[in-house]
Amino acid sequence: MHAAALQYVRKISGSTKPSKANQDAFDEAVHQIAHITQHLLNSLVTQAPPKDREEEAAKAKARAAVRYGAA
């Protein structure tokens with residue numbers, strides 16, 4: 001969560017490394033965005049069953065084989 005918030009703040013601010021004068025504001029923005037993002041994810045609900053990564057990878061591999069031919 002922190003890494004995504006950091007990336008977002010860097011993108012919005014246009015700065016990968018803030019000046020010392022702006023470091024506190026930058027860090028606070030990262031903290032708040034990470035917090036509210038976690039709050040959002042915790043409040044989402046779904047009725048769909050969880051997906052199996054291995055099964056989904058196998059489906060993707062089969063689609064790729066059809067699209068690009070077996071290698």
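This report covers the fold, surface, charges and nonpolar core of a predicted model.

## Basis

The model is predicted: local features need pLDDT of at least 70 and side-chain atom pairs count only at pLDDT 80 or more, while totals for chains, interfaces and linings use all residues. Residues are numbered from 1 along each chain as its sequence is written, and side-chain values use heavy atoms, with hydrogens and water left out.

## Fold and extent

The protein has three helices and zero strands, in the order α-α-α along the sequence. Its radius of gyration is 20 Å, well over the 11 Å from the globule rule for 71 residues, so the protein is more spread out than a compact globule. The radius is taken over C-alpha atoms, and the rule is 2.2 Å times the number of residues to the power 0.38. Helices are DSSP runs of H or I with at least four residues, strands are runs of E with at least two, and both are numbered from the N terminus.

Along the principal axes, the C-alpha atoms fill a box of roughly 55 × 35 × 15 Å.

## Surface

Of the 71 residues, 10% are buried, meaning under 20% relative accessible area (1.4 Å probe, protein chains only). The protein exposes about 6,500 Å², with 57% supplied by carbon and sulfur atoms; areas come from the Shrake-Rupley method with a 1.4 Å probe.

## Nonpolar core

The largest nonpolar core holds six residues: Ala 5, Leu 6, Val 9, Phe 26, Val 30 and Ala 34. Elements giving two or more residues to this core are α1 (2-13) and α2 (23-43). A core is a set of buried Ala, Val, Leu, Ile, Met, Phe, Trp, Tyr and Cys residues joined through side-chain atoms within 4.5 Å.

Leaving aside residues up to four places away in sequence, Val 30 touches His 2, Ala 5, Leu 6 and Val 9 (contact: heavy atoms within 4.5 Å).

## Charges

There are 10 positive and 7 negative side chains, and the centres of the two sets lie 9 Å apart. Lys and Arg count as positive and Asp and Glu as negative, without His and the chain ends; each charge is placed at NZ of Lys, CZ of Arg, CG of Asp or CD of Glu.

Note on methods
Buried means under 20% relative accessible area, exposed over 50%, partly exposed in between (1.4 Å probe, protein chains only).
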